[in-house]
Amino acid sequence: MSNTAHPAPTIVWFRTDLRLADNPALAAAIARGGPVIPVFIWAPEEEAPWQPGRAWQWWLHQSLASLQAALHKLNLRLILRQGNKLAALRDLIRETQAQAIYWNRRYEPAIIERDKRIKLALRADGCEVESFNSHLLYEPWQVQTQTATPYKVFTPFWKACQAMAEPDAPLAPPTPKQCKAAAFAASAPDSLPLDALGLMPRIPWHTGMAAYWTPGEAGAQTRLTTFLNDAIRNYKDQRDFPSVDGTSRLSPYLCHGEISPRQVWHTIRRFISDSKQKLTPAAEKQCWAYLREIGWREFAYHILYHFPHTPGSPLQEKYQSFPWRNDPAQLRAWQRGQTGYPLIDAGMRQLWQIGWMHNRVRMVVASFLVKDLLISWQDGAAWFWDTLVDADLANNTLGWQWAGGCGADAAPYFRVFNPTLQSKKFDPDGKYIQQFIPELSNTDPRQRHAPWETPAPLLDHTGYPDPLVDHAKARNRALAAFDVVKSH
Ligand code: FAD
């Protein structure tokens with residue numbers, strides 16, 4: 001048994017919290033005294049039916065490499081294992097004589113159940129097990145209506161959050177001095193090499209992502225600083241224009257836990273109150289508009305936690321029997337950015353190239369799939385899941401059910417985005433289209449929104465496809481289909 005002079009080792013099980021700063025599990029393990037053994041276990045089959053997508057895995061590989069390097073500077077070695085997580089943890093406990101294991105909580109329904117089982121089993125083995133919140137500002141069960149039920153509408157949810165105490169301040173990263181006693185002196189447990197996890201694509205389709213992103217904790221901080229310096233003052237005004245770098249692009253970092261929402265929250269709160277920034281009241285409002293988006297992320301987790309069936313089925317039950325079309329050829333055209341609607345295709349190609357898509361365009365492409373093509377939101381969610389570096393079960397489900405008109409705070413069924421008008425409004429100079437659709441880069445910017453209006457000979461040589469559907473007719477078809485459900 002451990003004694004206070006020489007506590008037995010503590011295992012820190014890293015999951016979607018791949019950072020040193022504001023990591024309560026790591027901080028608690030170091031504070032406990034004695035050696036600390038950081039471990040990451042790869043077992044995608046345990047995430048079923050939402051096994052990590054390929055773009056997400058690419059990011060994970062980079063993120064683990066970055067975490068390994070950061071831990072190494074503290075004299076800590078990240079152990080990598082593969083296979084059944086409970087068995088892997090038990091092996092590690094046996095090999096290291098660890099007596100405690102700490103982790104930060106996750107909220108996906110299958111993972112909650114799995115983690116409960118692991119907690120019970122390890123406690124029954126006599127191990128001290130603790131879990132912490134590091135992924136959210138507030139736990140999903142802390143925010144309740146006056147009748148102790150979960151919220152289904154964002155605005156009152158966010159009002160309730162704001163009436164609660166300010167989120168806890170983030171924890172500082174551990175210092176080398178604090179970690180002196182944490183190095184594991186006994187023969188280090190075996191670790192797989194990172195490459196053995198097989199996270200990197202075999203065919204190099206990831207070069208666009210690699211050129212664009214810098215995964216890891218340092219990359220997250222750089223991104224946040226750039227956003228504060230360059231964009232937050234105009235966030236609300238610019239966030240809908242996809243050719244402008246007007247949003248934080250922190251989503252993949254938040255998703256993998258390379259930065260915590262508390263860090264983001266408090267950095268921005270300090271920024272707002274820092275007199276050196278000389279923020280005008282209007283600029284301050286733009287900062288609050290950004291914090292509200294962090295609130296949407298909280299709301300997404302609230303819904304996922306309280307309505308765990310929503311990744312696969314609509315929150316509003318009447319949509320369960322919606323007559324979706326099964327059209328693999330049109331689904332494929334949408335996935336490949338070959339619908340003939342330039343804004344849609346630019347978005348889908350951006351997704352393919354860098355594993356990320358601008359929020360306004362996510363809304364428009366999702367509406368197009370669900371309403372213009374009448375293909376199910378579940379098909380869309382599955383494609384995003386495989387191709388997004390920020391694939392997040394809570395946010396993706398909320399976004400797709402919003403588009404499908406069947407979720408919490410969803411777009412009304414009769415709101416069908418017109419892809420051409422959206423393009424003219426939010427990409428007026430056609431710059432975003434030009435960036436991702438080389439076939440149209442030499443066309444007149446005013447004609448990029450609706451190339452089918454260009455005289456045929458000019459368009460033919462571009463190789464750009466004709467529109468997959470006529471939007472006006474597709475809209476009527478969608479309204480008729482949604483009308484049937486509405487009357488249920
Ligand atoms: P910013 O505008 O800088 O916002 C900051 C942060 O707030 C984001 O990083 C994100 O964590 C959060 N946020 C912003 N908007 C939303 C929102 N609508 N819902 C929930 N959280 C939000 N986001 C994901 O992180 N993962 C997904 O898998 C995902 N799938 C989506 C699918 C659809 C169909 C739609 C319409 C939206 C989806 N979103 C998803 C939400 C949103 O598009 C992204 O969070 C945002 O585009 C990320 O870019 P950003 O970091 O620059 O956002």
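A cavity is a set of points, on a 1 Å grid over the protein atoms alone, where a 1.4 Å probe fits but cannot get out. Lining residues have an atom within 4 Å of a point. Grid points are joined across faces, edges and corners, and a volume is the space filled by probe spheres set on the points.

The model is predicted: local features need pLDDT of at least 70, side-chain atom pairs count only at pLDDT 80 or more, and totals for chains, interfaces and linings use all residues. Residues are numbered from 1 along each chain as its sequence is written, and side-chain values use heavy atoms, with hydrogens and water left out.

**View 1. The second largest cavity.** This cavity has a volume of about 70 Å³. Its lining consists of Arg54, Ala55, Trp205, Leu351, Trp352, Asp386 and Thr387. Helix 2, helix 13 (342-354) and helix 15 (377-387) each give two or more residues to that lining. Helices (H or I, at least four residues) and strands (E, at least two) are DSSP runs, numbered from the N terminus. By class, the lining has four nonpolar, one polar and two charged residues. Ala, Val, Leu, Ile, Met, Phe, Trp, Tyr, Cys and Pro count as nonpolar; Asp, Glu, Lys and Arg count as charged; the others, Gly among them, count as polar.

**View 2. The largest cavity.** Six cavities of 30 Å³ or more occur in the structure. The largest holds about 100 Å³ of space. Its lining has 15 residues, and Phe40, Glu47, Trp56, Lys85 and Arg106 lie nearest the centre. Strand 1 (10-14), strand 2 (36-42) and helix 2 (54-73) each give two or more residues to this lining. Strand 2 supplies the largest share, three residues. Ten lining residues are nonpolar, one is polar and four are charged.

**View 3. The largest pocket.** A pocket is an open set of points with protein on both sides within 12 Å along at least five of seven lines. The largest pocket has a volume of about 1,300 Å³. It is lined by 44 residues, and those closest to its centre are Arg239, Glu293, Trp296, Asn359 and Asn395. Two or more lining residues come from each of helix 8 (235-238), helix 9, helix 11, helix 14 and helix 16. Helix 11 gives the largest share, eight residues. The lining divides into 25 nonpolar, seven polar and twelve charged residues.

**View 4. The ligand and its shell.** The ligand takes up the space of the largest pocket. A molecule sits in a pocket if more than half of its atoms lie within 2 Å of the pocket's grid points. Around the ligand are 27 residues, the closest being Tyr235, Thr247, Ser248, Arg249 and Asn359. Helix 9 (251-256), helix 11 (281-306), helix 14 (359-372) and helix 16 (393-404) each supply at least two residues of the shell. Helix 11 gives the most, with five residues. The shell has 14 nonpolar, seven polar and six charged residues.

**View 5. Atom pairs at the ligand.** An oxygen atom of the ligand lies 2.5 Å from an N or O atom in the side chain of Tyr235. For the side chain of Thr247, an N or O atom is 2.6 Å from an oxygen atom of the ligand. At Asn396, an N or O atom of the side chain is 3.1 Å from a nitrogen atom of the ligand. Taken alone, the ligand exposes 820 Å², and the protein buries 96% of that. Accessible areas come from the Shrake-Rupley method with a 1.4 Å probe.

Note on methods
A residue is near a molecule or strand if one of its heavy atoms lies within 4 Å of it. A polar contact is a pair of N or O atoms within 3.5 Å; within protein, one must be able to donate a hydrogen and the other to accept it, and residues adjacent in sequence count only if both atoms are side-chain atoms.
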